[in-house]
Amino acid sequence: MRNALSAIALTVLVVIATSLYFTTVAPWLSKPKPSAPPEQVTVDEFQRLWYFNRNASRTSWMGVPTQQNPMDVWITQEIMFDTKPDFVVECGSYMGGSAAVWATLLAQANPAGRVISIDVLDRMDEARKLPIVKERVEFLIGSSTDSAIVAEVARRVSGKKVMVILDSLHTEEHVLDELRSYSPLVREGQYIEVQDTNINGHPVRPPGFGPGPYEAVQDFLAGNKAFVVDRDRERLILTFCPSGFLKRVR
Ligand SMILES: C[S@@+](CC[C@H](N)C(=O)[O-])C[C@H]1O[C@@H](n2cnc3c(N)ncnc32)[C@H](O)[C@@H]1O
C-alpha cells in the first residue's frame with residue numbers, strides 16, 4: 001500500500017514538473033535576443049507557442065500521426081513540384097505519417113516517384129494500410145547512418161533524381177553523418193531538407209537537446225561548396241527548418 005502511494009505521488013510530481021517545464025522554463029530559456037527586430041520577436045514567440053503547444057503539434061496525415069509543421073509540408077510540396085525527384089529518401093519514419101505525406105505529394109509531382117523511409121524502430125503498421133503507402137513507400141529498418149543501410153539506399157536510387165529529408169536523431173554528430181552519407185546521392189538542382197534546425201535555441205529549446213541539426217548544417221556547409229541554403233524556402237515565415245533547405249548548385 002505504501003509502495004503504491006509512493007508511486008502515485010512520484011507520478012503526480014513528474015506530471016507537475018513536466019508541465020511546469022513546458023509552460024514556464026522552456027519558453028523562458030528560448031527567449032529572443034533583445035537585439036532581434038520586432039517582427040522576428042513576434043515570429044519566434046509564435047513558433048515557441050506552436051512548438052510547445054501539444055494540441056497544435058498533434059498532426060496526422062490520413063489518420064496516421066506525423067510530426068510535421070504544415071508550413072514546411074507546403075514548402076516541401078513546392079520543392080517536389082519544382083524538382084520532380086524520382087525518389088524521396090527520408091531518415092526518421094516515426095509512424096510513417098510523413099512518408100505518407102511525401103508519397104501523396106510525390107504521386108502528383110512525379111507519377112513514377114517512390115519514397116524510401118528509414119527508422120531504427122518499426123511502428124509503421126497503420127501507415128502500411130494506406131493505399132498510397134502500399135503503392136509507393138518502402139520502409140527500411142535500421143540506423144540511417146549504418147553503412148549497410150546507406151549502401152542499400154544508394155543501390156536503389158542509383159542514376160535517379162533524389163531528394164533527401166533528414167528527420168531522425170537530432171544530434172549534431174548524427175545529422176552531420178547523414179549529410180555526408182546521403183549528399184552524394186543528390187544531384188545538381190535537387191534538395192536536402194534538414195528538419196528541426198530550429199532546436200537548440202533557433203529559436204526553440206526543447207529539453208534534452210544540445211547542438212543538433214542547425215549546427216550540423218553549419219559544419220557541413222563549411223566544407224562543402226556544392227550546397228547552398230535556399231532562403232526563399234523559408235519565406236512562409238514560420239519554419240522548423242531555418243537554414244535547413246539545402247540546394248545542390250554544382
Ligand atoms: C522526429 S521522429 C520522425 C518523425 C517523422 N518524420 C514524422 O514527421 O512523422 C524521429 C524518428 O527517428 C528515429 N530514429 C532515431 N534514431 C535513428 C537512427 N539512428 N536512424 C534512423 N532513425 C532513427 C526515431 O525512432 C523516430 O521515429
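Predicted model: local features only at pLDDT ≥ 70, side-chain atom pairs only at ≥ 80, totals over all residues.
Colleague: What share of the residues is buried?

Modeller: Of the 250 residues in the chain, 39% are buried. A residue is buried if 20 or more other C-beta atoms lie within 10 Å of its own, exposed if 12 or fewer, and partly exposed in between, with C-beta atoms placed from the backbone.

Colleague: And what about the sheet, in which order do the strands come?

Modeller: The order is 5-4-3-6-7-9-8, in an open sheet of seven strands with mixed pairing. Two strands pair if DSSP finds at least two bridges between them.

Colleague: Which strands sit at the edges?

Modeller: Strand 5 (137-141) and strand 8 (227-229) do, and each pairs on one side only. From one strand to the next the twist averages 20°.

Colleague: Let's take strand 6. Is strand 6 enclosed or open, and why?

Modeller: Strand 6 (residues 162-166) is largely enclosed by the rest of the structure, because five of its five residues are buried.

Colleague: In what sense does strand 6 pair with strand 3, parallel or antiparallel?

Modeller: Strand 3 (residues 87-91) and strand 6 are parallel, with five bridges between them. Within that pairing, Cys-91 has Leu-166 of strand 6 as its bridge partner.

Colleague: And how many bridges link strand 6 to strand 7?

Modeller: Three, again in the parallel sense, with strand 7 covering residues 191-194. Ile-192 of strand 7 stands opposite Val-164.

Colleague: Which way do strand 7 and strand 9 run, parallel or antiparallel?

Modeller: Strand 7 and strand 9 (residues 245-248) run antiparallel and are joined by three bridges. Here Glu-193 has Phe-245 in strand 9 as its bridge partner.

Colleague: Changing topic to helices. At what angle do helix 3 and helix 4 cross?

Modeller: Helix 3 (residues 70-83) and helix 4 (residues 97-109) cross at roughly 35°, and their axes come within 9 Å. Axes are lines fitted to C-alpha atoms, for helices over the stretch in contact, and angles run from 0 to 180 degrees between N-to-C directions.

Colleague: Which residues make the contact?

Modeller: Helix 3 supplies Val-73, Gln-77, Met-80 and Phe-81, and helix 4 supplies Val-101, Leu-105, Leu-106 and Ala-109. Two residues are in contact if their C-beta atoms, placed from the backbone, lie within 7 Å.

Colleague: Where is Lys-84, then?

Modeller: Lys-84 is in the loop between helix 3 and strand 3. Lys-84 has 17 C-beta neighbours inside 10 Å, so it counts as partly exposed.

Colleague: What does Lys-84 touch?

Modeller: Leaving out residues up to four places away in sequence, Lys-84 touches Ala-109, Asn-110 and Lys-161. The C-alpha atoms of Lys-84 and Leu-106 are 7.7 Å apart, although the two residues are 22 apart in sequence.

Colleague: And Asp-119, buried or exposed?

Modeller: Asp-119 is buried, because 23 other C-beta atoms lie within 10 Å. Asp-119 belongs to strand 4 (residues 114-119). Not counting residues up to four places away in sequence, Asp-119 touches Gly-92, Ser-93, Tyr-94 and Ile-141.

Colleague: Now the backbone. Which residues does the cis peptide bond join?

Modeller: His-202 and Pro-203, with omega at about 5°. Pro-203 lies in the loop between strand 7 and helix 9 (213-222).

Colleague: What is phi for Asp-196?

Modeller: Phi of Asp-196 is positive, about 60°, although Asp-196 is not a glycine. Asp-196 is found in the loop between strand 7 and helix 9. Asp-196 counts as buried because it has 25 C-beta neighbours inside 10 Å.

Colleague: And what is phi for Met-62?

Modeller: Met-62 has a positive phi near 50° and is also a residue other than glycine. Met-62 lies in the loop between strand 1 (59-61) and strand 2 (64-66). With 16 other C-beta atoms within 10 Å, Met-62 is partly exposed.

Definitions and conventions
Residues numbered from 1 in each chain as written. Helix = DSSP H or I, 4+ residues; strand = E, 2+ residues; numbered from the N terminus.
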